[in-house]
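User: Hi! I am new to reading protein structures, and I would like a close look at the aromatic rings in this one. Could you walk me through them and show me where they sit in the whole?

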Amino acid sequence: AQPFSVDLLPASAYMLVDKLVELDALCGLTAADSGEDFTFVDLCGGPGGFSEFLCTKGTGWGITLRADEGRGVARELDWKISREEAQGQREGRSFTVSYGADGTGNLYSGANIRHFAALVTSQAAGGVRLVVGDGGFEGARNRHDQERLMQRLVLAQVGAMTMVLAK
């Protein structure tokens, strides 16, 4: 049994979440200092497996592509975390979803990154303790050159991370 609710997630999300749970158990990723709340950001995190788990530990913010069949963004890629987390009803913790300045959630847009970073840092003074990112796209999976194909997205995630991570 999972130590958190992933009822709304596809079965393939469990394996990735299990890796994060194991890393947390081994390294104490979510251990907060005395008197400090654990805070996190999930970049390109839809459907939300990492956030489902991290919401059991603290407060978070996330950005991912908004589902839009017209733009070719499948509904499966948008947030599917439970309403309980998204509305902040679990033990006083919350998860705030942002789709950036233009409402798409696209991290290739510098305006979306800046908008998201401003939202996070306005609510988490000094930045967050952990940033996770799992962005990717189907065309890059299982290819010999996937790193080259993903470099723009990884660079955008690193840029966003530097703007929201505590110093």
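**A close look at the aromatic rings**

Analyst: Happy to! Let's begin with the overall layout. The protein has five helices and four strands, and along the sequence they follow the pattern α-β-α-β-α-β-α-β-α. Please keep in mind that this is a predicted model. The protein has 167 residues, and 41% of them count as buried.

Now to the rings. A pair of aromatic rings is described by the distance of the centres and the angle of the planes. Searching the whole structure turns up two aromatic pairs. In one of them, the ring centres of Phe38 and Phe40 are 6.0 Å apart and the planes meet at 20°; planes under 30 degrees apart count as stacked, so this pair is stacked. Phe40 also pairs with Phe95, again in a stacked arrangement, with 5.9 Å from centre to centre and 20° between the planes. Through these ring pairs, Phe38, Phe40 and Phe95 are linked into a cluster.

What parts of the chain does the pair of Phe40 and Phe95 link? Distant ones: Phe40 belongs to strand S1 (residues 39-43) and Phe95 to strand S3 (residues 95-98), and the two residues are 55 residues apart.

Two other rings have a charged partner. Arg66 lies over the face of Tyr99, 3.8 Å from the ring centre. Likewise, Arg152 lies over the face of Tyr108, at 3.8 Å from the ring centre.

Finally, let's step back to the nonpolar cores. The largest one has 18 residues, and Val41, Leu43 and Val128 touch the most other members. S1, strand S2 (59-63), helix H4 (110-123) and helix H5 (146-164) each supply at least two residues of this core, and H5 gives the most, with five residues. Another core, of twelve residues, lies apart from it; among its members are Leu20, Phe53, Leu54 and Cys55.

Contacts across the sequence complete the picture. Among contacts in the protein with a separation of 6 or more, 65% are between residues 24 or more positions apart.

Definitions and conventions
Residues numbered from 1 in each chain as written. Predicted model: local features only at pLDDT ≥ 70, side-chain atom pairs only at ≥ 80, totals over all residues. Heavy atoms only, no water. Phe/Tyr/Trp six-rings, centres within 6.5 Å; stacked < 30°, edge-to-face > 60°. Lys NZ or Arg CZ within 6 Å of the ring centre and 35° of its normal. Buried < 20%, exposed > 50% of the residue type's maximum accessible area, 1.4 Å probe, protein only. Contact = heavy atoms within 4.5 Å. Core = buried A, V, L, I, M, F, W, Y, C linked by side-chain atoms within 4.5 Å.
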